[in-house]
Amino acid sequence: MTAPHRTTIHILGLGAMGTVLAVDLLRFTNALVVPLFRSQERLAQFQKANGNKLSIRKLYLEGSPLLSYPLEKSECPETFARKPIDNLVVTTKTYQTKDALAPYLPYINESTNLILIQNGLGVLELLKEEIFTDPKNRPHLFQGVISHGVYQDKGGIFNHAGWAGMKVARLPWTDDEMIQKISVVKDDAANNSLVRLLTEPKFAKEFGIEHSTYQEMLSGQLFKFLVNACINPVTAILDCLNGEIKDSCGSVFTSIIDECLQILRVAYRPLFEYHENFNGNKEYPEMDINGVLTTENMVSEVTRIGCDVNAKNSSSMRQDTLFLRDIEIGYINGYIVKLASKLKLDPSCCKVNKTIEELASLRLALNRSRNTNGDWRND
Ligand SMILES: NC(=O)c1ccc[n+]([C@@H]2O[C@H](COP(=O)([O-])OP(=O)(O)OC[C@H]3O[C@@H](n4cnc5c(N)ncnc54)[C@H](OP(=O)(O)O)[C@@H]3O)[C@@H](O)[C@H]2O)c1
């Protein structure tokens with residue numbers, strides 16, 4: 001009798017998102033889950049502090065149980081087995097992606113499946129233009145748009161606070177592959193080892209996996225992007241909880257969203273023209289994005305989701321500025337600024353997002369300066 005096949009999945013970035021995914025893979029699949037740490041020191045720290053176990057508290061389950069699962073193997077660049085990687089999950093912060101991937105590039109080839117599970121936009125462009133520049137040696141790329149909410153508490157425990165699932169799709173390497181046929185999804189579901197693992201029924205149900213075409217995932221990704229482009233920088237700049245600005249955020253959200261949509265419409269034209277070109281064709285899924293991705297609807301949705309449903313939340317960018325950590329602004333509002341330049345649009349067309357990017361960076365710099373030099377307002 002042959003042993004059942006075991007999929008190996010490496011996780012680059014064992015923070016909040018890496019842990020929530022790894023724990024459910026350990027709970028519901030027989031995959032070999034191997035985290036990749038940045039250094040031998042971080043690996044040793046993890047092994048000492050956690051006894052080689054991954055733990056997460058499931059706050060949304062009755063009794064908020066702490067689930068702990070042992071890891072069979074953990075690696076870092078110094079200990080890495082130097083064999084090709086089959087499946088790689090990237091759950092670093094967006095701005096950490098390039099450095100984190102660097103030691104493992106020799107082991108990523110055209111058979112590797114690489115999935116990005118990150119907020120924001122722009123890492124795909126980074127991979128195309130700066131990392132996998134040889135079209136013959138590019139991995140199969142996927143994106144996970146994750147809506148689960150996880151934070152690390154003062155004791156170092158990760159808390160899975162909000163359960164909301166993850167949309168998964170194959171990413172196109174070129175713009176002319178932006179619209180996918182349903183057959184791409186079916187083929188990956190049947191033959192791609194990463195998609196097969198992520199869509200195993202027990203895991204998919206527990207983690208809320210929705211596997212779709214790129215264009216379906218992209219419309220959800222742009223929706224989430226617009227929420228992040230408003231809530232994250234504005235609450236970080238103002239240093240407030242989301243709900244505090246509910247009655248006064250309409251004007252600034254309108255300016256941000258309107259400008260983002262004007263530029264996204266140019267960059268993702270096939271998506272915005274999908275209705276005319278693909279609806280009604282049985283080879284493609286039916287989609288209605290034009291009623292969703294409008295300024296009016298998005299201002300109302302961002303205010304509802306950001307400031308109403310999550311009124312007591314402190315956004316991740318505000319948290320990062322309070323704890324003096326780098327922020328992902330370059331992959332949110334900064335992405336819009338980069339897109340405008342790449343598309344050779346008039347620089348004035350992205351002035352709102354440029355200013356928002358500058359103010360969020362200034363907020364972080366101010367907090368860092370106050371931490372070093374004291375708060376002059378108290379003198
Ligand atoms: N947390 C959430 O609720 C949430 C929800 C939706 C989306 N997201 C998005 O998901 C992404 C990940 O966020 P997160 O909250 O999971 O971040 P995080 O907790 O900061 O985790 C990032 C992890 O990446 C590791 N890392 C950084 N550089 C590395 C390197 N060179 N080699 C190996 N590991 C490295 C970090 O390790 P060190 O400790 O060694 O730096 C850390 O463990 C972000 O884009 C975020 O916006 C987060």
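Mentor: Before we start on the strands: two strands pair if DSSP finds at least two bridges between them. Keep in mind too that this is a predicted model.

Trainee: Which residue does V168 stand opposite in β11?

Mentor: That's H211.

Trainee: And how many bridges join strand β7 to β10?

Mentor: Five there, with β7 (residues 140-146) and β10 running antiparallel.

Trainee: Is β10 mostly covered or uncovered?

Mentor: Mostly covered. β10 takes in residues 166-170, and four of those five are buried.

Trainee: Let's zoom out. How many helices and strands does the chain have?

Mentor: The chain has 15 helices and eleven strands. Its radius of gyration is 21 Å, close to the 21 Å the globule rule gives for 379 residues, so the chain is as compact as a globular protein of that length.

Trainee: What does the C-alpha trace span along its principal axes?

Mentor: About 65 × 60 × 45 Å.

Trainee: What share of the residues count as buried?

Mentor: 50% of the 379.

Trainee: Last topic, charges. How many positive and negative side chains are there?

Mentor: There are 42 positive and 44 negative ones, and the centres of the two sets sit 5 Å apart.

Conventions. Residues numbered from 1 in each chain as written. Predicted model: local features only at pLDDT ≥ 70, side-chain atom pairs only at ≥ 80, totals over all residues. Heavy atoms only, no water. Helix = DSSP H or I, 4+ residues; strand = E, 2+ residues; numbered from the N terminus. Rg over C-alpha atoms; globule rule 2.2 N^0.38 Å. Buried < 20%, exposed > 50% of the residue type's maximum accessible area, 1.4 Å probe, protein only. Lys, Arg positive; Asp, Glu negative; His and termini not counted. Charge placed at Lys NZ, Arg CZ, Asp CG, Glu CD.
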